[in-house]
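Here's a quick briefing to read alongside the model. Grab the structure viewer and follow along.

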Amino acid sequence: MNTKIYKLLSAIVAVVMLTACSDDFLEVQNPTGEPLEEYYMTDEHLAEACVSAYAPLHWPDWDGTAYNDLTCDAEILGDDFWVGGASISDNQHWHKLFNFEGDGNNTLGTLWGDFYSGIKRCNDVIKYCSWGGGNEANRKSYEMQARLLRVYYYNILWHYYGNVPFYLENLSEPYTAPQMTADEIYAQLMPELEDIIASKVLPMRWETAESGRVSQAMAYMLFAEMVMYQNDTARYPAALNYMKQIIGDSSYKLNPSFKDLFDESGEWCEESIFEINYEDDNGQRDWSTPLHAGGTVFPTLCSPNGWAGGEGWDSGNDGWGFLPMRVEAYNMYAEGDTRRDVTCWDVRGYTYTERYQDTHIWHGKYRPQSANNQDCPSSKNLNYNNNKRIYRYAETLLNAAELLLQTGGSAAEAAGYVNEVRTRAGLDNLSSVTIDDILNERHLEFCGEGKRYFDLVRAEGISGATQKASTVLVPDAYGYRTNRWSPSKKHIPLSQSELDADPTLKQNNY
């Protein structure tokens, strides 16, 4: 957690903080009064701009307007968690989307501003680097980091909204860009990502002091994620090659203990390919400064209310009761699967204030612990130091297994990759695997990490997949989800405020 990029972010937050509530955030003014063309001619100032481009990664869980933690957003659309909270009207947009009845006023509206702010900052870095200041090698690195971050930001918008405005240079008045279809967005992003990868500017893994920066391995994982979500079979061989490059790199391997992965000591371990850094030490984040550097509110969101103490979480701490785990998700783990008690925080023997849809089973991977916010000088609810795991080596192995089958490779070789993951979990080996076996292993391995819903959606286009959105995301026996997923639900509604601001935007057919 003690990383240079995080410390730089904390140090320059007052200089680079921008707002995303109006067009003003598209205008850059240097607080020193020095012309931008002169200010961004040094390594120090280019580094500031680069680090500021990372800042929006931290914003969605609470950006001052709405709680839209990306893990919550993805998991409430899937089949492992309920929405919870105080009532069905608490964070109503989550409940509406959970039931596939969202609209322009009940959607993940703030993600739009958060990540377009990120795109804007990346465009700034790329422009400043083109002016030729500072050390050439550093300048090229800053440029490639910004380009890769920009693809990542667009990737999130593409996953959720699909049809969005696209631009690679910042806009001038009236600050609008043509809205492209999801397929057009993909067609724009992939050549950009391929060019970043081909440049080989970024290292496969950064030194420990630089943990938190995007890397070549992160680019490989993003490539595979996008290609597999698009069912772009023409790029499957390239994606498989990239997975094998990570597998063949000595910098990455499975962490021996699954439990340790989600402890503070497991952050940026040998399995970690990309994480979003959070820190409680010297955190500047508070209710009046939600976009400042600090911790995350996610452990507060996904934990029980009125906790009396125990399990490493002291009394007096407050949880808000969102994302209770379904009992079925707990029961899907075989006896002896070591992932169950890490993924599922089972407190069925404890008494506390029950909230809506409470099951007494909670998100274990990001569960709150008092040790994780004890050094926070401001609001402890907002400042847990749990890093957000985005890509890890276990996914590399399972991607490789799936891509092998999709490209006519050996089922036995694919099983070898799957078995590495299963062995760590304490399970027996499989002699060969099917697509369903791999998707099931992904379900067990990544439960609660925001991947299940998107796996179910992309499985619609995978031959041999029986668990997919149209067969799994259906009305439940409890009467909570009464609507069924359909292909029109793949992309959530655009926010009405964005439609009002730009009449050329078209709403998704949701």
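Is His 363 buried or exposed? His 363 is buried, because its relative accessible area is 0% and anything under 20% counts as buried. Keep in mind that this is a predicted model.

**His 363**
- You'll find His 363 in strand β3, which covers residues 361–363.
- Its side chain has a polar atom 2.6 Å from the backbone oxygen of Gly 448.
- The side chain of His 363 also reaches the backbone nitrogen of Tyr 366, at 3.4 Å.
- Setting aside neighbours within four places in sequence, His 363 touches Thr 71, Phe 81, Phe 298, Cys 302, Leu 323, Thr 343, Trp 345 and Gly 448.

**Arg 392**
- Arg 392 sits in strand β4, residues 388–392.
- This arginine is buried, with a relative accessible area of 3%.
- Its side chain makes a polar contact of 2.8 Å with the side chain of Glu 445.
- Leaving out neighbours within four places in sequence, the contacts of Arg 392 include Glu 271, Lys 365, Arg 424, Glu 445 and Glu 449.
- Also among the contacts of Arg 392 are Met 221, Phe 258, Leu 261, Phe 262, Ile 273 and Phe 446.

**Thr 396**
- Thr 396 belongs to helix α14, and at 0% relative accessibility it counts as buried.
- Beyond its neighbours within four places in sequence, Thr 396 is in contact with Met 221, Met 243, Ile 246, Ile 247 and Ile 273.
- Leu 240 is 156 residues away from Thr 396 along the chain, yet their C-alpha atoms are separated by 9.4 Å.

**Helices α14 and α15**
- Helix α14 spans residues 393–406 and helix α15 spans residues 411–424.
- Their axes come within 8 Å and cross at roughly 155 degrees.
- Angles over 145 degrees count as roughly antiparallel, so that is the label for α14 and α15.
- The crossing of α14 past α15 is left-handed.
- On the α14 side, the contact uses Ala 394, Leu 397, Leu 398, Ala 400, Ala 401, Leu 404 and Leu 405.
- On the α15 side, the partners are Ala 411, Glu 413, Ala 414, Tyr 417, Val 418, Glu 420, Val 421 and Arg 424.
- Sorted by type, the residues in this contact of α14 with α15 come out as twelve nonpolar, three charged and no polar.

Key:
Residues are numbered from 1 along each chain as its sequence is written. This is a predicted model: local features need pLDDT of at least 70, side-chain atom pairs count only at pLDDT 80 or more; totals for chains, interfaces and linings use all residues. Side-chain values use heavy atoms; hydrogens and water are left out. Axes are lines fitted to C-alpha atoms, for helices over the stretch in contact, and angles run from 0 to 180 degrees between N-to-C directions. Helices (H or I, at least four residues) and strands (E, at least two) are DSSP runs, numbered from the N terminus. Angles under 35 degrees count as roughly parallel, over 145 as roughly antiparallel, 65 to 115 as roughly perpendicular and the rest as oblique. A crossing is left-handed if the near helix is turned anticlockwise from the far one by less than a right angle, and right-handed if clockwise. Contact means heavy atoms within 4.5 Å. Ala, Val, Leu, Ile, Met, Phe, Trp, Tyr, Cys and Pro count as nonpolar, Asp, Glu, Lys and Arg as charged, and the others, Gly among them, as polar. Buried means under 20% relative accessible area, exposed over 50%, partly exposed in between (1.4 Å probe, protein chains only). A polar contact is a pair of N or O atoms within 3.5 Å; within protein, one must be able to donate a hydrogen and the other to accept it, and residues adjacent in sequence count only if both atoms are side-chain atoms.
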